[in-house]
Amino acid sequence: MDHTLTIGDTRFFVRTEGKGSPLLLVHGFPLDHHMWDAVIPQLAAKHLVIAPDLRGFGKSEGHVEIAPMELLADDLASLLNALEVTAPITFCGLSMGGYIGWQMWRRHSDRLARLIQLDTRAAADSEVQARARGVNAEHVLANGMSEVPQAMLPKLLSEKTIENQPQVADSLRDIILRQDPRAAAAAQRGMAQRPDVTNWLPEISLPTLVLCGSDDGISPPAEMQAFAKRIPGAQFLEIPNAGHMVPMEDPNATVEAILEFSSRAN
Ligand code: MLT
């Protein structure tokens, strides 16, 4: 079911499907909820799946100059209120969605039952990375999104996916091209100023799954395994042959890992 929800003066798009314990799917950059299309049907057989478009992305409005991860987490808490979801949720975020996940835990931990972090980082940007995001933000504002897929696809997908699943590359390209440059610029600036959360990790007492594509070059398995070890009891899982976009590159393995984790007793 598609919803348009108004929070303050901003309209947000959210897709919900299924019944059961709530599972919030938070997309990465510069994407929208369609990145979850291949996994939603199977997840919705067991869960109430909630897949929003973050502020400014997809069909959501609310453009800002900088979109800090804290603001995006607060938006999600407001959306859960607007949907009248009161049961604690399983938060599942990919990459930028994962950066928001850390803030969700910090600011709205009463909303969370479990945490699933896909292809994401706990570290902040280096100075070089943060500066590059500023340049990229200016570039998309001046030139639009047309050059973004070419620059990003080889980083987002494994070589095997690009070779064997050209339809995945096509879908990803289409999603990126549909995004509003203002949302992309705001998110780049927000990610550039996100904090290093490594010191938060030992305090996370939620059941946590950390999932990573074996060929992810943006948030490599070794880095993800190292931060998973700092979260008490967290499970780390690597999906072979996938890059940064595991739910699109290997939806079946992603669904299996999420459902196995979410069905386990705490
Ligand atoms: C994402 O997939 O959300 C991005 O790769 C995150 C980032 O740019 O750090």
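The legends below describe close-up views of the ligand site and the cavities in a predicted model. Local features need pLDDT of at least 70 and side-chain atom pairs pLDDT 80 or more, while totals for chains, interfaces and linings use all residues. Residues are numbered from 1 along each chain as its sequence is written, and side-chain values use heavy atoms, without hydrogens and water.

**View 1. Shell around the ligand.** Gly28, Phe29, Ser95, Met96, Tyr99, Arg133, Met191, Ile218 and His244 surround the ligand (a heavy atom within 4 Å). By class, this shell has 5 nonpolar, 3 polar and 1 charged residues, with Gly counted as polar and Tyr as nonpolar.

View 2. The protein buries 93% of the 270 Å² that the ligand exposes when taken alone (Shrake-Rupley method, 1.4 Å probe).

**View 3. Largest cavity.** This cavity holds about 60 Å³ of space (points on a 1 Å grid over the protein atoms alone where a 1.4 Å probe fits but cannot get out; lining residues have an atom within 4 Å of a point). Helix H8 (residues 181–192) gives the largest share of the lining, 4 residues (a DSSP run of H or I, at least four residues). The lining includes Arg55, Phe57, His63 and Arg182.

**View 4. Second largest cavity.** About 40 Å³ of space lies here. Tyr99, Trp102 and Arg121 are among the lining residues, and helix H3 (residues 96–107) contributes the most, with 3 residues.

Notes:
1 Å grid on protein atoms, 1.4 Å probe; cavity = no way out; pocket = protein on both sides within 12 Å on 5 of 7 lines; lining within 4 Å. Points joined across faces, edges and corners; volume = space filled by probe spheres on them. Helix = DSSP H or I, 4+ residues; strand = E, 2+ residues; numbered from the N terminus.
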